[in-house]
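Please walk through this model with the text beside you.

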Amino acid sequence: MEKPVFTGKFTQQEPIPDAAIAAAVAVMRSGRLHRYNLLPGEEGEVAALEREFAAFTGAGFALAVASGGYAMGCALRALGVGPGDRVLSNGWTLAPVPGAIASVGAEPVFVETTDALTIDLEDLAQKAKASGAGVLLLSHMRGHICDMDRLMDVARAHGLAVIEDCAHTMGAAWRGVPSGRHGVIGCYSTQTYKHMNSGEGGLIVSDDADIMARAVMLSGSYMLFGRHTAGPPIDRFETVKYDTPNVSGRMDHLRAAILRPQLAALQGQIARWNALYRVMEEGLRNSPDLRIIERPPQESIVGSSFQFLLPGWSDARMRALVAACAARGVELKWFGAAEPVAFTSRYDSWRFAPPQRLPRTDAILAGLVDMRLPLTFCEADCRLITGIIRDEVMSMAQQATG
Ligand SMILES: *Cc1c(COP(=O)(O)O)cnc(C)c1O
């Protein structure tokens with residue numbers, strides 16, 4: 001019998017909603033694309049997006065910027081991180097995270113990963129002490145949120161300021177507190193593969209008026225910081241306006257116009273992602289050899305991607321599984337590969353950072369499989385995909401024992 005094949009595309013996003021297209025066309029017709037190009041009394045799409053995103057996260061202030069990577073670099077600068085400083089971060093994350101640390105001349109110190117795919121809090125405490133770092137750039141990689149109550153205890157005990165990288169947790173929460181609202185600054189991405197799609201884009205939130213005044217200046221506000229509806233009060237810019245460099249990374253009205261209707265619809269999108277995620281979970285739970293990541297009850301997730309572990313599998317078997325699934329249309333990523341491919345790279349390929357050894361992270365990544373879950377998939381697609389993965393895992397496990 002022919003083996004079923006999946007024909008959907010793992011990189012295909014949904015179209016931009018009609019309301020967003022109409023808003024973008026209106027911006028283009030106006031000719032006023034720059035965020036500070038406003039009519040008298042006009043708020044503008046960017047400031048309106050910031051106001052709505054501040055409300056969405058419950059933050060005092062929000063700032064829209066050019067990318068998620070820019071948001072993290074801006075957050076580090078706003079905290080005063082500079083050349084030679086050490087910044088703690090996850091050993092397992094994506095390249096823009098250590099890249100943001102390197103962009104301010106600082107050195108990433110990578111922290112180990114647990115089998116729940118979150119940062120190892122014991123290793124964090126140890127490295128906080130040993131490194132003398134004052135900042136943790138915490139990446140909620142692939143949406144997995146660690147015990148944020150314990151993490152903040154560790155941060156307080158070691159005097160760490162926490163910046164949260166919420167590229168994969170926009171709309172997620174830990175014990176009801178939105179992701180990005182535990183640390184002093186939250187950073188988000190609106191790049192095509194995240195939870196809202198403006199091609200490129202980022203957002204920063206914080207309750208700290210002085211940090212946000214610096215972030216606004218850094219982002220390239222010139223002396224127009226008064227036009228930020230969701231920015232800090234004008235008096236906070238008194239000295240900041242003279243001593244903060246302009247590192248242009250603004251968002252424009254076109255992107256903000258595309259994002260505002262998506263933000264209004266985000267809760268519904270999250271429900272759809274989570275429905276797909278639960279089908280994946282059910283389909284792969286209790287498969288021999290394969291371990292899914294059980295999500296803690298404190299975590300409100302956004303299931304925009306799916307991960308599972310094949311503990312103890314050899315590199316050759318992992319490669320064979322990825323190839324066998326690919327042949328049936330199921331595009332999996334393996335984080336154990338020695339050479340970086342496409343979006344997937346590992347801490348040991350970030351050679352701009354001082355060399356570091358993370359044996360526990362290595363052991364996790366050796367068996368870690370990752371899959372995108374775009375909203376162009378339906379639940380039946382996910383059932384087909386889990387069937388293919390189960391089949392191929394089983395047949396490989398049999399070959400290995402037989
Ligand atoms: C995508 C991503 C970012 C930010 O990405 P940009 O492409 O710069 O918007 C940050 N962290 C993680 C983990 C990401 O996947």
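Predicted model: local features only at pLDDT ≥ 70, side-chain atom pairs only at ≥ 80, totals over all residues.

Numbering starts from 1 along each chain as its sequence is written, and side-chain values use heavy atoms, without hydrogens or water.

Start with the sheet. Four strands form an open sheet in the order S10-S12-S14-S13, with antiparallel pairing. Strands here are DSSP E runs of at least two residues, helices are H or I runs of at least four, and both are numbered from the N terminus. Two strands pair if DSSP finds at least two bridges between them. S10 (291-292) and S13 (333-334) are the edge strands, each pairing on one side only. S13 and S14 (residues 368-372) are joined by two bridges in the antiparallel sense. Trp-334 stands opposite Val-369 in S14. Helix H9 (residues 253-284) packs on the sheet and touches S10, S12 and S14. Contact means heavy atoms within 4.5 Å. The direction of H9 makes about 20° with that of S12. Such angles run from 0 to 180 degrees between N-to-C directions, with axes fitted to C-alpha atoms, for helices over the stretch in contact.

Next, the loop between strand S11 (299-300) and strand S12 (305-309) holds Ser-304. Ser-304 counts as buried, at 18% relative accessibility. Buried means under 20% relative accessible area, exposed over 50%, and partly exposed in between (1.4 Å probe, protein chains only). Leaving aside neighbours within four places in sequence, Ser-304 is in contact with His-195, Trp-273, Arg-372 and Leu-373.

Now helix H10 (residues 315-327). Its 13 residues reach 18 Å from first C-alpha to last, close to the 18 Å expected at 1.5 Å a residue. That expected span is 1.5 Å times one less than the number of residues. Buried in H10 are Met-318, Leu-321, Val-322, Ala-324 and Cys-325. They cover an arc of only 165° around the axis, so they lie on the same side of H10. The arc is taken from the directions from the helix axis to the C-beta atoms. Just after H10, Gly-329 takes a positive phi of about 85°.

Two arginines remain. Most residues other than glycine have a negative phi. Arg-142 has a positive phi near 55°. Arg-142 sits in the loop between strand S4 (135-139) and helix H6 (148-157). Arg-175 has a positive phi of about 45°. Buried or exposed? Arg-142 is buried at 10%, whereas Arg-175 is exposed at 52%.
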